[in-house]
Amino acid sequence: MQVHLQQTALKSGQTLVLAGSKSESNRLLLLQRLFPELVVDNVADSDDVVAMQKGLVPGVSQVDVHHAGTAMRFLTAYFAVCQDQTVVLKGSERMHNRPIGVLVDALRSLGAQIAYVDKEGYPPLSIRGVWAEGGSVEIPAAISSQYVSALLLVGTRFKKGLTLHLKGEITSRPYIEMTLSLLRELGAETSFVGQTITVFPPASLQQTHFVVEADWSSASYYYSLLALSPVGTTLRLGKYKNVSLQGDADLVRIYAQLGVETIFEPENYIQLIKKEKGQSAFDADFKDTPDLAQTVVVTCFGLGIPCTIRGLHTLKIKETDRLVALQNELIKLGGDLQITANSLTLSAKRQVAPANQTIDTYQDHRMAMAFAPLVTQMDLWINEAEVVTKSYPAFWNDLKKLGIQVFENK
């Protein structure tokens with residue numbers, strides 16, 4: 001499906017309620033299988049969460065997660081501890097080129113029986129579940145926080161608990177903190193001191209009812225819309241907590257630098273206000289929030305300000321090489337983006353680009369949604385626009401609710 005976004009100004013003063021967090025949903029769904037007493041409300045309806053739910057159906061012998069990276073990592077750990085169950089875990093062609101050896105090695109050191117079906121270090125995997133007593137394991141921390149979270153989640157069932165010794169710089173730390181916070185709410189004993197994390201199974205469940213907060217990553221596209229709108233434009237979003245488990249809640253601080261103020265209101269709503277033009281350049285390290293990089297750099301492009309973002313090494317092993325994809329598409333629009341293995345630098349200078357440009361999405365949901373806010377400045381065509389279902393199925397319809405002119409060509 002191709003979407004035509006016709007240049008439109010965002011209508012001020014509207015309210016939009018967003019779906020639950022994909023990250024929280026997948027963690028809680030896995031915990032619900034480990035602890036059936038749990039009740040989880042406001043679960044996200046994205047493709048990644050649906051893939052997780054299908055993988056957690058009892059008695060499956062083969063699971064295809066398609067493009068769902070979180071489901072691949074979490075289910076690898078889950079099936080490794082499903083005693084006497086053998087499962088083949090596979091995904092899309094891109095998923096079979098995303099490394100998973102670090103997690104497999106860690107699980108094997110704890111007694112897991114996991115074999116590579118094809119290429120060493122990559123899915124598909126054949127996993128035979130065994131009883132794991134737990135123990136201590138060393139794992140690189142710079143590649144993906146999902147490896148760490150996957151181990152911590154299943155560690156709640158290890159008789160001896162789990163101790164993780166993290167090697168190197170820790171990437172996406174807020175996602176690890178999210179996992180630990182949920183485990184503490186559950187009643188598990190945890191600690192995170194320096195480079196060492198421990199988790200012990202709960203003696204009894206302290207909380208059995210969880211409500212998933214709305215997804216902050218999804219909110220990022222509306223922050224971008226506000227930043228690219230006239231001063232005085234407002235938008236109300238729900239339902240968001242003042243104290244959030246989600247690392248991407250750092251949007252509040254990030255977009256304050258780009259002219260958007262956030263006011264927390266009663267009943268878990270936030271009011272976004274375009275207060276001012278914002279600063280004349282943007283420079284930051286996104287090692288804790290790499291998924292926001294695409295949205296922020298496109299915002300800076302729209303504002304006509306230079307942008308430098310570091311800490312992006314994980315973007316090369318996502319749904320696509322996001323750094324290269326960003327460079328390709330911004331060039332089409334007249335932008336000048338330089339990239340390295342872990343950073344990007346956007347020049348403030350813009351060439352006059354031909355009208356009616358088409359954005360390719362590279363099977364990456366964030367590419368489609370990150371570029372959409374430019375609708376305030378130009379007409380755009382988005383190829384493979386259905387890719388948004390991976391994390392935010394209602395995205396195009398929600399834009400329509402806000403008065404954005406969206407036309408779908410199926």
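Modeller: A cavity is taken here as a set of points, on a 1 Å grid over the protein atoms alone, where a 1.4 Å probe fits but cannot get out; lining residues have an atom within 4 Å of a point. Grid points are joined across faces, edges and corners, and a volume is the space filled by probe spheres set on the points. This is a predicted model, in which local features need pLDDT of at least 70 and side-chain atom pairs count only at pLDDT 80 or more, while totals for chains, interfaces and linings use all residues. Residues are numbered from 1 along each chain as its sequence is written, and side-chain values use heavy atoms, with hydrogens and water left out.

By this rule there is 1 cavity of 30 Å³ or more. The largest cavity holds about 400 Å³ of space. It is lined by 30 residues, of which Lys22, Thr70, Gln146, Asp291 and Lys318 are the closest to its centre. Two or more lining residues come from each of helix 1, helix 3, helix 5 (145-155) and helix 11 (365-371); helices (H or I, at least four residues) and strands (E, at least two) are DSSP runs, numbered from the N terminus. Helix 3 gives the most, with 4 residues. By class, the lining comprises 13 charged, 12 polar and 5 nonpolar residues. Here Ala, Val, Leu, Ile, Met, Phe, Trp, Tyr, Cys and Pro count as nonpolar, Asp, Glu, Lys and Arg as charged, and the others, Gly among them, as polar.

Helix 1 (22-34) and helix 3 (69-80) also meet helix 2, whose buried residues pack against both of them and against strand 4 (62-64); contact means heavy atoms within 4.5 Å. In helix 2 (residues 47-55), the buried residues are Asp48, Val49, Ala51, Met52 and Gly55, where buried means under 20% relative accessible area, exposed over 50%, and partly exposed in between (1.4 Å probe, protein chains only). Seen down the axis of helix 2, these buried residues fall within an arc of 155°, so they line one face of the helix. The arc is that of the directions from the helix axis to the C-beta atoms.

The loop between helix 3 and strand 5 (86-90) contains aspartate 84. Aspartate 84 has a positive phi, near 65°, and is a residue other than glycine. Its relative accessibility is 58%, so aspartate 84 counts as exposed.

How values were computed: 1 Å grid on protein atoms, 1.4 Å probe; cavity = no way out; pocket = protein on both sides within 12 Å on 5 of 7 lines; lining within 4 Å.
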